[in-house]
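Student: I have a model open on my screen and would like to learn how to read it. Could you walk me through it, feature by feature?

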Amino acid sequence: MNAADEQGFREFVSARSPALMRLGFMLTSGDQHEAEDLVQAALAKLAAKWRRVEAPEAYVRQIMYRQKVNWWRMIGRRGKVIQVVPPDRPGADRAQQSERRIVLRDALTKLTPRQRAVLVLRYFEDLSEDRIANMLGCSVGTVRSTTQRSLARLRQIAPELAAELEATT
């Protein structure tokens, strides 16, 4: 990598790291260390192909989704202890945000990794069903049914989120 490419890569990492960490945090059910590993692994793969990548943001996010799915497949599902909360966003009542975030985080940990990934991609990343199906290597019908089952499960696990979940369907 020449000096100009390295500078461009450093600027990208500096500008996009907070957003990538939030995504990593969501994909790992709140495990900060695993989220950092996920972001670092994705950025290392991006660095190797920096000159050839036209859309680095999309490319690194796709690497993160696929890497996390691969980790789920290799390791299997295991219980996680959530230790850290993601950074607050300005604007709303912090106490209410914190309570809602804790309830949502706890509910998300009770979903399967695939259900969690579909919900994060669909509602946090705002991706289309076609795009999610392509990223996860499944059919659009599978994405739709997984989304509906996941939302139903969240309503069951955390009834206090039901009003917010109704707005998504």
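Tutor: We will go from the overall fold to helix packing, the cores and the salt bridges. Please keep in mind that this is a predicted model.

Student: Let's begin with the overall fold. How many helices and strands does the chain have?

Tutor: The secondary structure comes to 8 helices and 0 strands. Read along the sequence, the pattern is α-α-α-α-α-α-α-α.

Student: How much of the chain is buried?

Tutor: Burial is judged by relative accessible area, and under 20% counts as buried. Here buried residues make up 38% of the 169 residues in the chain.

Student: Which residues of α5 are buried?

Tutor: They are Pro113, Gln115, Arg116, Ala117, Val118, Leu119, Val120 and Leu121. Look just past the end of the helix as well: Asp126 takes a positive phi of about 60° there.

Student: How do α1 and α5 pack against each other?

Tutor: For a helix pair, read the angle and the distance between the axes. Helix α1 (residues 3-27) and α5 pack at about 145°, with their axes 9 Å apart. On the α1 side the contact involves Arg22, Leu23, Met26 and Leu27, and on the α5 side Arg116, Val120 and Phe124. By class, this contact has 5 nonpolar, no polar and 2 charged residues.

Student: Which residues touch the most other members of the largest nonpolar core?

Tutor: That core has 27 residues, and Leu43, Leu46 and Met64 touch the most other members. Helices α1, α2 (32-48), α3 (56-75), α5 and α6 each supply at least two residues of this core. Leaving out residues up to four places away in sequence, Leu43 touches Phe9, Phe12, Val13, Leu20 and Val60. Another core lies apart from the largest one; it has 9 residues, among them Val103, Leu108, Leu151 and Leu161.

Student: Now the charged residues. How many salt bridges does the structure hold?

Tutor: It holds 8 salt bridges. One of them joins the side chains of Glu6 and Arg10, at 2.8 Å from N to O.

Student: Where do Glu6 and Arg10 lie?

Tutor: Both are in helix α1, 4 residues apart, which is about one turn of the helix. The general idea is that an α-helix has 3.6 residues a turn, so residues three or four places apart point the same way. For accessibility, Glu6 is partly exposed at 31%, while Arg10 counts as exposed at 52%.

Student: Which residues are linked in a network of salt bridges?

Tutor: Arg16, Glu57, Arg61 and Glu125 are linked in this way.

Student: I also noticed Asp106. How should I read that residue?

Tutor: Begin with its place: Asp106 is found in helix α4 (residues 94-109). Asp106 forms a salt bridge with Arg105, with the closest N and O atoms 3.8 Å apart, and counts as partly exposed at 33% relative accessibility. Then look along the chain: the C-alpha atoms of Asp106 and Ile157 are separated by 9.0 Å, although the two residues are 51 residues apart in sequence.

Technical notes. Residues are numbered from 1 along each chain as its sequence is written. This is a predicted model: local features need pLDDT of at least 70, side-chain atom pairs count only at pLDDT 80 or more; totals for chains, interfaces and linings use all residues. Side-chain values use heavy atoms; hydrogens and water are left out. Buried means under 20% relative accessible area, exposed over 50%, partly exposed in between (1.4 Å probe, protein chains only). Axes are lines fitted to C-alpha atoms, for helices over the stretch in contact, and angles run from 0 to 180 degrees between N-to-C directions. Contact means heavy atoms within 4.5 Å. Ala, Val, Leu, Ile, Met, Phe, Trp, Tyr, Cys and Pro count as nonpolar, Asp, Glu, Lys and Arg as charged, and the others, Gly among them, as polar. A salt bridge is a side-chain nitrogen of Lys or Arg within 4 Å of a carboxyl oxygen of Asp or Glu. A nonpolar core is a set of buried Ala, Val, Leu, Ile, Met, Phe, Trp, Tyr and Cys residues joined through side-chain atoms within 4.5 Å.
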